[in-house]
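Have the sequence and the 3D view open side by side while reading. The paragraphs below go from single residues to the ligand and then to the aromatic rings.

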Amino acid sequence: MNGDSVPVGADGFRHPSSEAELIALVKAAARDGRQLRVRGSAHSPSHAIYTDPVGDEANQVEQQAPPPGPNYNVMLDRYRGWEVRDEARKLVEAQAGIHLGADPSDPTGTATLETSLLYRLFKDMGWTLSSLGGISHQTVSGFTATGSAGGSVIHSVNDNLWGFRIIDAAGEVHEFTRDDAEPDLFGAMAPNMGLLGVVSTITVECVDTFNIVGQEAVTTTDGCAVDLFGPGSAERPSLEQFMRDTEYCRVEWWPQRGVDRVLVWQAARVAPEPGFTPHPYEEFTNRPELAEVFISLLYTIVGNLSDLSHARPQLELTFARVESLLDLEPWVRKLDRIGEGLVRFLDHAAEFGLEAAIKVLEPFAQVMGREIPTIFPKLLGTFISLDSDKDGDQKGQPQRFQDYGWSGLPMDNGADDQLVPTEFSELWVPLRRAQEVMTILHTYFTEPEDDHEAYRRTGLYAWELYAAKPTSNWMAASHTGGEDEWSEGALRIDPYWFQANPGDPAEVFYPGVWTLMRDHQIPFRLHWGKFQPVIQAPDRDWVDFLKAQYPRWDDFLALRAQHDPDGVFLTRYWRDRFGLWDA
Ligand SMILES: Cc1cc2nc3c(=O)[nH]c(=O)nc-3n(C[C@H](O)[C@H](O)[C@H](O)COP(=O)(O)OP(=O)(O)OC[C@H]3O[C@@H](n4cnc5c(N)ncnc54)[C@H](O)[C@@H]3O)c2cc1C
């Protein structure tokens, strides 16, 4: 078999259906001096996934098409099977293309719930994985390649990983398991960034299925049950203590001046019982379908006030999702003076189309831009209301939910990737530094006298705080050697970025927080599947900073060079990350 037996499809991808076809593709790419990369569900920034861009394509999450050109980009939609390898040990071998859950953005439309690993494990075996991220749209190999993790210091999917089959650049298959005489190499696999070869299969050691019960409270920082910035007390745990004690949790913090909202989502495992009825968590409690459209509309406008023409593509997409634009008016009217302008905008859009509506909004945009610090708290209040503002017997009550673990832990699955397209950068710091880091952030956000400067620092979106269990995996952002300050786990700080905003967040927004932490000498690592600093040869500043955070950095690069001496899998983005300009 040769690589030509798996031709490139109209979508720009090659779609192998077996390990033999994957091997043939790798050999063909190596023979022809081409790069080869595999995509999972494309939830990472695109430069981390695909072969080198040919022009200056934007680095964006969920970019579905690979760059044009002769390189090999592979999609594994035809390589998604799974089988039980050892029932007693609950060992399941999954082909690399299987998705954890359904992927609503899957371009082939075939990554359904029914074909997904978690659903099949639950239905067919009564098994599951120990922890999951905020979504389960990812493929098993994409999740692992980036060292992704759920929000828990107690449980981790790393504990489920048992073995890998990986194809190196010569087309040789290597098989590693946790039980090997030399288990060390196994530790290089999660994350591997696609740099050690093509992952063909991943074997997981499952656990029995479990249910979760939980709640989400929406409060101010003072009213929050967690002491976000202080040392905590007997009645109110510090953030560090809360994360240590809670099986699964995540905090969404809106630190914008005048806003002061904290959403604390937490859940615990319970044993499955006959007759269990799920009451799933609801992300946007008040008419979810309209709330997302409303948020999308506001964010798109507010993020693009300096050039509303840039907002057009996202606005088109948003308007296409609502039956009548006039349905949005009751929401918009709550916004007083700004509301009036937005009502005129919506009326014009409904009657004369988007172009005319943008014209109506343009003069108004300048005023909105000036008044952001006054109007943003009001805007936010319309879609995130405090529990204390709820009506009737719900007043002061958090939202309570119960669900199957596999469907309830990914609490953001309900968020619409198209309406609220979100990008991230995620700093992982030793958990024991939580109070120090939260104080640094709090000061950074509150110290400016100028409101606009305060807003420049916070941005207009939430800052997610969650945790991860320590692991010996070499390049994991929660790696610990056992005796170091990472040994109790990591706090993760994840500022969100609305994708329809202008500019590359790695240039216009994230450097603020990266530099802040460096200036305060906080050791931190960055999620491999989220935005990282823009690095250009020969500037090793960020390379050396990050290298210093990973004791096994050089071991990983040595293994990479062994598996891929000619750089078949090594794209410009990854060369830059590791400073491998001479490789
Ligand atoms: C809305 C959203 C929510 C998220 N929530 C979380 C979260 O809660 N926790 C968290 O840790 N992360 C989270 N992430 C990050 C996400 O888990 C990672 O980006 C992950 O890599 C996505 O998996 P994927 O299947 O989309 O892989 P992709 O993004 O497509 O690929 C990731 C990497 O894996 C490589 N790769 C994929 N398959 C193979 C293979 N078979 N062989 C070799 N290389 C391969 C790709 O080339 C790429 O380098 C989130 C991202 C988004 C957009």
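**A walk through the model**

Val207 counts as partly exposed because its relative accessibility is 24%; buried means under 20% relative accessible area, exposed means over 50%, and partly exposed lies in between, with a 1.4 Å probe and protein chains only. This is a predicted model, in which local features need pLDDT of at least 70 and side-chain atom pairs count only at pLDDT 80 or more, while totals for chains, interfaces and linings use all residues. Residues are numbered from 1 along each chain as its sequence is written, and side-chain values use heavy atoms, with hydrogens and water left out.

Val207 belongs to strand β9, residues 207–208. Helices (H or I, at least four residues) and strands (E, at least two) are DSSP runs, numbered from the N terminus. Val207 and Ile493 are 286 residues apart along the chain, and 29 Å separates their C-alpha atoms.

Next comes the ligand. Which residues come nearest to the ligand? Of the 36 residues around it, they are Val38, Ser41, Ser44, Ala48 and Gly134; a residue is near a molecule if one of its heavy atoms lies within 4 Å of it. Sorted by class, this shell holds 16 nonpolar, 16 polar and four charged residues. Here Ala, Val, Leu, Ile, Met, Phe, Trp, Tyr, Cys and Pro count as nonpolar, Asp, Glu, Lys and Arg as charged, and the others, Gly among them, as polar. At least two shell residues come from each of β1 (36–39), α2 (46–49), α4 (140–145) and β8 (198–205). Of these, α4 gives the most, with four residues.

In Ser41, a side-chain N or O atom is 2.6 Å from an oxygen atom of the ligand. Ser44 also uses a polar side-chain atom, at 2.7 Å from a ligand oxygen. Ala48 instead has a backbone N or O atom 2.7 Å from an oxygen atom of the ligand. Taken alone, the ligand exposes 980 Å², and the protein buries 96% of that; such areas come from the Shrake-Rupley method with a 1.4 Å probe.

Now turn to the rings. A pair of aromatic rings is described by the distance of the centres and the angle of the planes. The structure holds 41 aromatic pairs. Rings of Phe, Tyr and Trp (its six-membered ring) pair if their centres lie within 6.5 Å; planes under 30 degrees apart count as stacked, over 60 as edge-to-face and the rest as tilted. Tyr299 and Tyr461 form a tilted pair, 5.1 Å centre to centre with 50° between the planes. Tyr299 lies in helix α6 (residues 288–303) and Tyr461 in the loop between α14 (451–458) and β16 (463–468), so the pair ties together parts that are 162 residues apart in sequence. Both Tyr299 and Tyr461 are buried.

Rings can also have a charge over them: NZ of Lys or CZ of Arg must be within 6 Å of the ring centre and within 35 degrees of the ring normal. The charged end of Arg525 sits over the ring of Trp486, 3.9 Å from its centre. Arg577 lies over the face of Tyr573, 4.3 Å from the ring centre.

Finally, look at the backbone. Ala190 and Pro191 are joined by a cis peptide bond with omega about 10°, and Pro191 lies in the loop between β7 (173–177) and β8. Gln521 is a residue other than glycine with a positive phi, near 55°. Gln521 is exposed, with a relative accessible area of 65%.

Terms used:
A polar contact is a pair of N or O atoms within 3.5 Å; within protein, one must be able to donate a hydrogen and the other to accept it, and residues adjacent in sequence count only if both atoms are side-chain atoms.
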